[in-house]
Amino acid sequence: MSIISSTSHATSSTSTLGLRLTAAIGASILGACLVYFAGFSHIEAVHNAAHDTRHSAAFPCH
Amino acid sequence: MIKRIAQTAGFTGLLAALLLTLLQSFWVAPLILQAETFEKAPAAAELHAHADGAAAHTHDAEAWEPEDGWQRVLSTTGGNLVVAVGFALMLAGLYTLRAPTRTAQGLLWGLAGYATFVLAPTLGLPPELPGTAAADLAERQIWWIGTAASTAAGIALIVFGRNWLLKALGAAILVVPHVIGAPQPQVHSMLAPEALEAQFKIASQLTNVAFWLALGLISAWLFRRNRDDRYSA
């Protein structure tokens, strides 16, 4: 059991820097899109809905 | 790996957004509502529309707006949730490159997030109550995003840079947006009394510190907790 877990741990930790980089960049871009949508979108209804969120987070609002 | 990022970001965002909503409801939102009484006062209406240097903007009468009360709290909660999950996704993504070795390291990630997304931008564009004159919205948004990006890059170089040259480059990148300067209105004017604005700045900063520390701590804890999930990679 311990052999299995250590092997799989080794594979997952070395599991290609490229793959981890892709996941990190992908997650960051998706996260940035969410923040942009709620905090920076110029759509009036979205602005009104997230108005207090924007002011509280010190995003430029009006 | 993707499941680990999604789980960490989802639950972290949910918990941090609830904390943020709680702090906002009791501390920040009452100040915003109080400021709006000045903005919506009939005498102030003209000033609001024509204040020199204020960004020209029209209020679309047909656009949906939450009614004060539960509707407004609910839509703010929704906004908080989207923003919190977004920030948590960035943190969890970065953890796949630099996994926190201890849960307490999440506090440092949280502090870095606070410095990047709150402290640095507010040095040029302080938190504003409704009814404050400001430069063009798009210009301010561009400066805000540029500042956040350069602060993130600067902190990363200072913390992870292997030699002094990279660290010095990081410090230089950190300073650039503040040398350029944030877009400012031609004339500073404010409808709410200064004491209210001062109180709002403190409330906003402390709420954001608490939010970011919670975001960092919870995300590091969840990310490390999921590490033995070896079948999901």
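The contact between the chains of this predicted model takes 35 residues from chain A and 48 residues from chain B. Two residues are in contact if their C-beta atoms, placed from the backbone, lie within 7 Å. On the side of chain B that touches chain A, at least two residues each come from helix 1 (2–40), helix 3 (70–95), helix 4 (105–124), helix 5 (137–160) and helix 7 (194–225) of chain B. Helix 3 of chain B gives the most, with 15 residues. Helices are DSSP runs (H or I, at least four residues; strands are E, at least two), numbered from the N terminus. By class, this side of chain B has five charged, 15 polar and 28 nonpolar residues. Ala, Val, Leu, Ile, Met, Phe, Trp, Tyr, Cys and Pro count as nonpolar, Asp, Glu, Lys and Arg as charged, and the others, Gly among them, as polar.

Within chain B, helix 1 and helix 7 pack at an angle of about 165°, and their axes are 9 Å apart. Axes are lines fitted to C-alpha atoms over the stretch in contact, and angles run from 0 to 180 degrees between N-to-C directions. Helix 1 and helix 7 of chain B are therefore roughly antiparallel (over 145 degrees). The residues of this contact of helix 1 with helix 7 of chain B comprise 20 nonpolar, nine polar and one charged.

In chain A, an unreviewed UniProt entry lists residues 21–39 as "transmembrane region"; such annotations may be inferred rather than shown by experiment. Over residues 21–39, chain A is 100% helix and 0% strand, with the end C-alpha atoms 26 Å apart.

Residues are numbered from 1 along each chain as its sequence is written, and chains are lettered from A in the order in which they are written. Local features need pLDDT of at least 70 and side-chain atom pairs pLDDT 80 or more, whereas totals for chains, interfaces and linings use all residues.

Methods: Angles under 35 degrees count as roughly parallel, over 145 as roughly antiparallel, 65 to 115 as roughly perpendicular and the rest as oblique.
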